[in-house]
Amino acid sequence: MLGKLAVVIGLAGLGLGAALAFTRSPALPAEQFAQLQPGDAARGEQVFWAAGCASCHSAPGATGAAKLVLAGGRAFETAFGTFYAPNISPDPVAGIGGWRPVDLANAMLAGRAPDGSHYYPAFPYAAYQHATLQDVADLSAYLATLPHDPTPTRDHDVGFPFSIRAGLGLWKAAFMPRGWVVTGDLPPDVARGRYLVEGLGHCGECHTPRNIAGGLQTTRWLNGAPNPNGRGTVPNITPAALDWSSADIVAYLETGFTPEYDSAGGHMAEVVENYAKLPAQDRAAVAAYLKRVAPQP
Amino acid sequence: MKKLTALILGLGLAAGATGLAQAQDNSKMVEDAIKARKAQMQLYAFNLGLLGDMAKGALAYDASAAAAASNNLAMLASLDQSRLWPQGSDNMSVDNTRTLPDLWDNIDDAIAKGRATAEAASAMAAVAGTGLEALQGQMGALGGSCGACHKAYRAPAN
């Protein structure tokens with residue numbers, strides 16, 4: 001009788017311990033940072049555009065040079081509540097001026113705040129987890145060169161039970177994809193395209209459908225999805241639906257012109273603004289990768 | 001008394017009929033404007049198509065064809081558009097347009113974006129006939145100017 005009780009208590013303790021283990025986000029191992037080159041801001045600028053930081057973190061309505069002022073404040077309405085992008089300018093009080101590169105790495109690769117709490121996956125760390133540490137270090141150097149902004153970060157408008165950040169540990173365990181979606185030994189241009197599409201460019205966040213918990217359905221990778229902002233749908237860009245040539249895709253990513261010379265609006269206009277700033281071979285790499293994605297009608 | 005009633009009724013009908021006539025004229029004016037501005041965009045696409053296809057290597061570069069198309073584009077983009085965007089021609093008021101009411105709420109910005117497109121088209125016309133690389137070099141700016149207005153003031157396709 002006592003033996004059975006002991007087993008039950010033991011199991012309950014294990015269960016509780018396991019649950020608690022998910023409430024705080026583990027930090028990346030420190031030795032991974034030892035071999036890095038010091039961050040290069042010029043390379044970091046390329047990472048910045050590839051990752052699209054300004055598209056979410058600049059102030060609402062910002063255009064041109066104002067997009068480099070990462071004051072935050074843009075609202076992202078989802079089924080789980082409305083999230084507000086934080087201030088990630090180098091301001092030491094309102095922004096992330098006090099962060100070391102390892103803090104940026106923990107945020108981007110593990111969805112972990114400096115105090116150990118989880119970030120909501122509205123911040124696409126499920127994609128950014130693929131970023132190399134060197135790219136993070138370079139990005140950190142570039143972010144530090146941008147203008148300071150004093151706008152305080154706005155609290156998310158998220159109701160119970162999603163307001164409990166500790167629960168995100170379970171979400172991460174269940175829904176953060178492990179490894180690449182398109183696997184295998186890829187030629188260099190396709191591999192670079194995979195890094196941009198699955199990683200920094202986080203294209204799947206809009207182009208892949210989600211399950212009820214908001215996790216990506218990676219079996220339907222880039223198969224199209226409802227527009228996260230409510231209106232319309234985001235298209236299927238697997239080869240079953242996207243019949244554009246590589247040259248068409250490359251031209252689109254630079255100019256926003258479709259093969260019929262319509263011009264991209266909405267969120268893709270933002271993507272084109274970012275990807276127009278990258279070297280031409282990066283746009284070609286994205287096209288090469290898209291041709292390799294499993295066709296899904 | 002009957003005469004007064006008849007007069008009031010008559011005036012009322014006349015006023016109503018005038019209002020109705022104005023509403024009909026307005027809706028025709030809105031339809032005409034929408035048709036005309038879509039036609040203008042299609043002319044943009046027709047001329048852009050030649051330039052873009054040369055830029056991406058789908059069409060052999062031809063200096064005089066590129067010069068002609070880019071001159072067309074510059075002329076089209078500089079047409080006076082003041083009658084193309086009447087009040088009531090937004091996608092909340094009528095069905096066959098994707099233009100958002102935001103355009104009228106931010107009319108100065110919309111006009112500035114129109115001007116930027118005209119400038120980008122002029123910049124293209126200045127170089128399109130001089131060489132393929134020069135043409136390619138201007139495609140990004142041209143696309144960006146079209147995209148800026150669509151991003152702000154056009155609803156998604158579906």
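## The contact between chains A and B

In this predicted model, 21 residues of chain A are in contact with 22 residues of chain B. On the side of chain A that touches chain B, helix H10 (246-255) and helix H11 (266-275) each supply at least two residues. The chain A residues on this side comprise eight nonpolar, eight polar and five charged.

## Helices H2 and H6 of chain A

Two packed helices are described by the angle between their axes and the distance between the axes. For helix H2 (residues 41-51) and helix H6 (residues 133-143) of chain A, the axes come within 7 Å and cross at roughly 100 degrees. An angle from 65 to 115 degrees counts as roughly perpendicular, and H2(A) is therefore roughly perpendicular to H6(A).

From H2(A), the residues A:Ala41, A:Arg43, A:Gly44, A:Glu45, A:Val47 and A:Phe48 take part in the contact. Their partners in H6(A) are A:Asp135, A:Asp138, A:Leu139, A:Ser140, A:Ala141 and A:Tyr142. By class, the residues of this contact are six nonpolar, two polar and four charged.

## Helices H8 and H12 of chain A

Helix H8 (residues 188-200) of chain A packs against helix H12 (residues 280-290) of chain A at an angle of about 90 degrees, and their axes are 7 Å apart. Because of this angle, H8(A) is roughly perpendicular to H12(A).

The residues of H8(A) in this contact are A:Asp189, A:Val190, A:Arg192, A:Gly193, A:Arg194, A:Leu196 and A:Val197. They meet A:Asp282, A:Ala284, A:Ala285, A:Val286, A:Ala288 and A:Tyr289 in H12(A). The contact of H8(A) with H12(A) involves eight nonpolar residues, one polar residue and four charged residues.

Conventions. Residues are numbered from 1 along each chain as its sequence is written. Chains are lettered from A and ligands numbered from 1 in the order in which they are written. This is a predicted model: local features need pLDDT of at least 70, side-chain atom pairs count only at pLDDT 80 or more; totals for chains, interfaces and linings use all residues. Axes are lines fitted to C-alpha atoms, for helices over the stretch in contact, and angles run from 0 to 180 degrees between N-to-C directions. Helices (H or I, at least four residues) and strands (E, at least two) are DSSP runs, numbered from the N terminus. Angles under 35 degrees count as roughly parallel, over 145 as roughly antiparallel, 65 to 115 as roughly perpendicular and the rest as oblique. Two residues are in contact if their C-beta atoms, placed from the backbone, lie within 7 Å. Ala, Val, Leu, Ile, Met, Phe, Trp, Tyr, Cys and Pro count as nonpolar, Asp, Glu, Lys and Arg as charged, and the others, Gly among them, as polar.
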